[in-house]
Structure formats: structure tokens, C-alpha cells
2 protein chains.
Amino acid sequence: MKEFWSSRIRNLIPYTPGEQPKDRKFIKLNTNENPYPPSPRALEAIRDNTNESLRLYSDPEGTALRAALAEVYGVKESQIFVGNGSDEVLAFAFQAFFGVGDTVAFPDITYSFYPVYAEMFGINCKIVPLNDDFTMPVEGLIGGNNGVVITNPNAPTGIELPQSQLRRVLEGNPDVAVIVDEAYVDFGGTSALPLLEEYPNLLVVQTMSKSRSLAGLRVGFAFGSENLIQAVNCVKNSINSYTLDRLAIAGGTAAVQDRAWFAESCAKVAATREVTVRRLQAMGFTVLPSKANFIFISHEKVPARTLFARLRQEGILVRYFDKPRIDNFLRVTIGTDADMDTFCTVMEKLVE
Amino acid sequence: MKEFWSSRIRNLIPYTPGEQPKDRKFIKLNTNENPYPPSPRALEAIRDNTNESLRLYSDPEGTALRAALAEVYGVKESQIFVGNGSDEVLAFAFQAFFGVGDTVAFPDITYSFYPVYAEMFGINCKIVPLNDDFTMPVEGLIGGNNGVVITNPNAPTGIELPQSQLRRVLEGNPDVAVIVDEAYVDFGGTSALPLLEEYPNLLVVQTMSKSRSLAGLRVGFAFGSENLIQAVNCVKNSINSYTLDRLAIAGGTAAVQDRAWFAESCAKVAATREVTVRRLQAMGFTVLPSKANFIFISHEKVPARTLFARLRQEGILVRYFDKPRIDNFLRVTIGTDADMDTFCTVMEKLVE
């Protein structure tokens, strides 16, 4: 009935996250979580902060976390924003850079939260179809917009936009913000971070949900010029002063400092991905070239929708998007070697 | 310079939270935190959940927390929204119920985040002056608006709006949402919760930051008709699917279940408040009648601004608002008996 609902949400269709099963034990390859545990140092830091101090507000600026990120990534603290997962960081960035009635450009196949943010915040979308091979339509993202958002590597395709082409997007949009969502960059991609000095319009957004195995702690961050970071802070401080709790700040800080754990976990996922890709190709799957912790696959004979349902019956959750161009693909998160062996064995049976 | 900043934030002045000192040890009576620790059961629940499961996303619906709230407050789970502190809940509610160009009514002296939300989300404000005795201007909040927001007990005055008058506001605004922000209700106020069944336009917002000593965990919640809760969820799910991390859900759930700890902590604060009020009145202070965990005070001879600065020198932080009508008042959070004894002893010296 929507009585009392504001005009801004009456026609809004929210984002639908992947299923989080509560009842049954699944092999969960549907929400791009990391199969390996978070750094033990992160868990220890959380335990150390689980005390009376929780009665006090958290540091609204997340200073300790920003200091750790500054140290590890080699940028100034004033060039770093921290927030409650990269979804929140992206929502703040949309509001910071795109006004009501502005137009933001992004491809047709990408993170499906972007059009939701746009609708939520009164922003128009310029949706540019990916090329036929699912690579980024670079020239289409230049001009005729008030900003651009790119996932790199892209989701759900996993395909990386080469840095030379990212430069083209940045240079072709010198007067507007270009948000590069690098949620999946740590599994073999190349970050745009070194380009910050050259491009004052570049905001790089990352998350601890995937590569640092902390989806359940809700920590995202962004790098940009001080000017862009100030804009994102302006939005945050006009909505919620304290988006990160004390435990997220403590755990996130320790996770960033544990570089060895991070590197090893990402390398294991990337290695498992390559083994999985080869097995799937041998079964007749097309696998888009992925630099992410997931793969996007399509079989020559068995429809994706069928495979999705059959996998679920077998206790394996993957993600299926019932959308044009990709309705014969499945997005499969890379799990442990054992998870992926089970997955491939089941798949061999299903496509036989 | 604000290059790249969107039109919606170019003139925005964000909310300024109270100081969170990092360097020096203060008696901290400036941000309405609870002086007593959170429930030991909450801390235990957090420790129990500090494990590998943090690699997985949290429950986007906060089901366990909503179930605990439903049990303790006697409402249906579908009438409860949970979020990252009541500031976030309020920000979502503003977007859920007030469209761009709509007008929201609230008094001139109240939580200073409301005009910031309004500016952020393109909402106009109808600001109604409090009565001369700082009570709520009930008739001024009726008509000529697309919604109302009231803090009850009000902040920073601490004065409660009697339920009969709250009914008048609800009945005078039958076609628009009325948000009642009850951040401070647990220290002796009367909640509007029993009115939910009668008024489909009522949203009651509460927080664990004050009465449950969990400001650093970031948990807020709202009660309303299923229709209103669906609207708030629509906003949340269009911004960030997972605003509460696993530890906040676990700790918040246990805190709600520990009713005895909660009742005892609130009662101690209320008792200390009454003792403090009598001592301050004996020194020549006007103390507005407070049902909150803070008091709003003004001295007959010494200006508030002077007292604020002198208290800081003495290692005591309170809150001073340099705004018309209240620029000779201080807002003082109720601490432990020892804190307030020190505070009163210093005050006796300062006003001598």
C-alpha cells in the first residue's frame, strides 16, 4: 500500500544480496566470500577490544585503521576514507559526486547495485553495453555523463580492464569523478592506486569482505585525492558519524597489518581458480578470463538455469542472474580446493 | 575548492559529534555515554562469535536481534528494523518518509542532526520554536508539513513530552509519518511503543548507545507498523545490505536479553541524576527537568561558555552549544557517582 512512503522510494526496487542460508549446510559459492579464515591477528585484536570500552563511541574518523592503510598502501591518511563495507562507501561516493538529475555512466553488465544507488539518489544512468566479448566499452564511458563507475575486475564477469584503458576513461572524463570499485582486485588484478597522483578525479574503492576474509565485520575503504575524500566525509558526517564500530576498527586494522596472511590467502584462491578453470573447460564450459575470486561460466549444452537448480539440490549454492546477455551464465565463487573438487565432480555429472 | 563535489553537498554543513579525546584522560560528560559497562553477556556473545565465521556476510535482516527485541518489547519481528546506530536508522527513516521538496517539522531546539539530514536529502524544514519554558510546541507541529520528528525526552533539554500531547501530534498528523526519537527514554521516560497499534504513522527509534552502554558497537532500532518498517528496509536495502556486522548482532542480541543488567544500569544513572540536580540547584543553577541521562543547566551568574572552558581545564568535558536561546546552557551527561561528585565539587569552586 505504501502509505506514508516518500516519493523517492515508491518505485524503488532494492538490491537483492545473495542467499545466506540458515537452515541447511551448503557449499557456499554464491556471495564471493573467502573460503579461508581471517587473520588470527584480527581475531585477537577484536577479543582485546571486547571490553568495557564498548560503552564509548568509536573513533568517528577510524584513525587507527586509516593509519594502517596509509602505511601498507603508501598513501596519506588524508587520502583514505573508511566505512561500513564498500557498499556503504559506494553509496556515500554516489551522493558525494553525483547530484539529483546528474547522469552516471556504467556498463550494462556490472555490479547490480549501481542502478539501485542511482534510483535511490535521483541520479540518471547512462548504461553502456559491454563489448560482445564482455570487455569494457571504454569509448562509451567517455562524455555525456557527470561521472563514471567501473568495477575492476568487473563483476560478475571477472574480466580486468587494462590500466592503459582505465587511463583513457580517466582522461576522457577530466571534469567528473571516476569511481573504480576494486572489490576483487587482490586476487590477481592491478590496482589503480598508483594513478592517484595523476588523476584528481579518481576514487578507488576496496573492501575487506573478500581478500581479507572479513565480510562479516563490514569494513570498506576508499583512496582518492584529499578533495574527493573530503567530499565522501561530508556525506558520511551528514548521515552517521560513527559507521564503524570499535571492533571493526580494531579487527580491520590488524587485518591490514598482517600482510603475510593476506598475501597467502589471496594466492591460494587464485591458484585454486586456475585449476578449477581448466577442469571446467575440459567439461565444455566457456569460462571468461577472471582476475577475481569468482568465475563466470556458461556451458555449451546445459542451460545455466538448470545447472543452478541442480547444484542447489546437490548442496552447492552459486549465483544466477536472470538478466539479458548473462542468463546462460553462472557466477561461481572460488572456495577451498576441497570445495572446488566437489563442485567440479558434481558438475561433471550434471553436464554428462 | 570542491571540484567534483555534487550539487547536493556543496553547501552542506555536516553534523559535529562531541569530542572524543585521544590524548588526555578526561571525565567525559560530553557525549551521553553510559558510565557503566555493557552487559557481561553481551561481551561474552561477542567473544563467542569472534571466529572464522567472520569470513561470511552477516545476516542482512539481523534476525536474531529482531527476535530478541520482539520478545522483550512484545511486538512482532516484522515491526522491527535494526541498523547501525540510531543515527543511521533516522537517516534511513528521513529518506523513507520525506521526499525531495517535502517539509519536515521539528522544534528549534532538538537533536541538531535533523536539519543536517534534511539538507542532505533535499527536504525542507519547518522549525517551530520551543515554548518559553522549553516544552514542546505541540500545536506548531500540526499541519503544514509532510512529516514530524520529535526527540522524547528532548535533547539537549531532557524534558519529556507527556503522552497525551504526543497523541495530539500523532492525531494532528494522520497522513504523514511521525518519528519519535527515544534515544534517552530508558532513564525514566515513557516510551510511545504502546501507541503503535493505534497509530500507523508512528515510528519509534531507539538505540543501544546510551541505556545499554554500547555506543561503540553501533546498534540502533525502530518499531513501527509493518508498512513503515518495510519502507525503512527499502531504503536500507538500496544503500547497504549488511549494516550490522556479526559482532554487533551477537552483542546487541545478548544485551537485549540481559534485562536485569539493563534495568540496574538505567536506575543507577537516574538516581545519580537526581542527586546531581539537587547539588547544582543549591549552587544557583537552573536545571531543566530531565528524564534523560543528561541534564541541561544554566547558572544565574557565571556564563556557560566560561564554565565550559574552565571545566575543560579541570579535566572535565561537557557539551556547549553556541546557538540562540541555549548559549548560556551546558549539557552534562550523568556519569558515575564519583564522576558527578568530582564535577559538582569543581563546579562549586567555579561558581563561587
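## Contacts and basis

Contact means heavy atoms within 4.5 Å. This is a predicted model, in which local features need pLDDT of at least 70, side-chain atom pairs count only at pLDDT 80 or more, and totals for chains, interfaces and linings use all residues. Residues are numbered from 1 along each chain as its sequence is written, chains are lettered from A and ligands numbered from 1 in the order in which they are written, and side-chain values use heavy atoms, with hydrogens and water left out.

## Confidence

The model scores ipTM 0.97 and pTM 0.97. Chain A has an average pLDDT of 97; pLDDT is the predictor's confidence in each residue, from 0 to 100. In chain A, 100% of the residues score at least 70.

## The A–B interface

Chain A contributes 86 residues to the contact, and chain B contributes 86 residues. Together the two chains bury about 6800 Å². Buried area is the accessible area (1.4 Å probe) that two parts lose on being put together, summed over both. Carbon and sulfur atoms account for 58% of it. Between chain A and chain B there are 0 salt bridges (a side-chain nitrogen of Lys or Arg within 4 Å of a carboxyl oxygen of Asp or Glu).

A:Leu56 has partners in both chains: A:Arg246, B:Glu33, B:Ala215 and B:Gly216, not counting residues up to four places away in sequence. A:Leu56 sits in the loop between α1 (40–48) and α2 (63–73) of chain A. Helices (H or I, at least four residues) and strands (E, at least two) are DSSP runs, numbered from the N terminus. From A:Leu56 to A:Asn233, 177 residues apart along the chain, the C-alpha separation is 21 Å.

## Helix α3 of chain A

Helix α3 covers residues 85–97, 13 residues in total. Its first and last C-alpha atoms are 19 Å apart, close to the 18 Å expected at 1.5 Å a residue. The expected span is 1.5 Å times one less than the number of residues. Of its 13 residues, 13 are buried. Buried means under 20% relative accessible area, exposed over 50%, and partly exposed in between (1.4 Å probe, protein chains only).

A:Ser86 belongs to this helix. A:Ser86 counts as buried because its relative accessibility is 9%. Leaving aside neighbours within four places in sequence, A:Ser86 contacts A:Val205, A:Gln206, A:Thr207 and A:Gly220.

## Helix α8 of chain A

Helix α8 spans residues 259–282 and has 24 residues. It reaches 35 Å from first C-alpha to last, close to the expected 34 Å. Its buried residues include A:Phe262, A:Cys266, A:Val269, A:Arg273 and A:Leu280. The buried residues of α8 pack against β9 (285–287), β10 (294–299) and α10 (337–351) of chain A. Just after the helix, A:Gly284 takes a positive phi of about 95°.

## Cysteines

The count is 0 disulfides over all chains, a disulfide being a pair of cysteine sulfur atoms within 2.5 Å. B:Cys125 has its closest cysteine sulfur in A:Cys234, 16 Å away, so the pair is too far apart for a bond. B:Cys125 is partly exposed, at 32% relative accessibility. A:Cys266 is buried, at 6%.

## B:Arg319

B:Arg319 lies in the loop between β11 (316–317) and β12 (330–333) of chain B. Its relative accessibility is 12%, so B:Arg319 counts as buried. Beyond residues up to four places away in sequence, its contacts include B:Tyr15, B:Pro17, B:Leu29, B:Asn30 and B:Arg331. The C-alpha atoms of B:Arg319 and B:Arg331 are 5.1 Å apart, with the two residues 12 apart along the chain.
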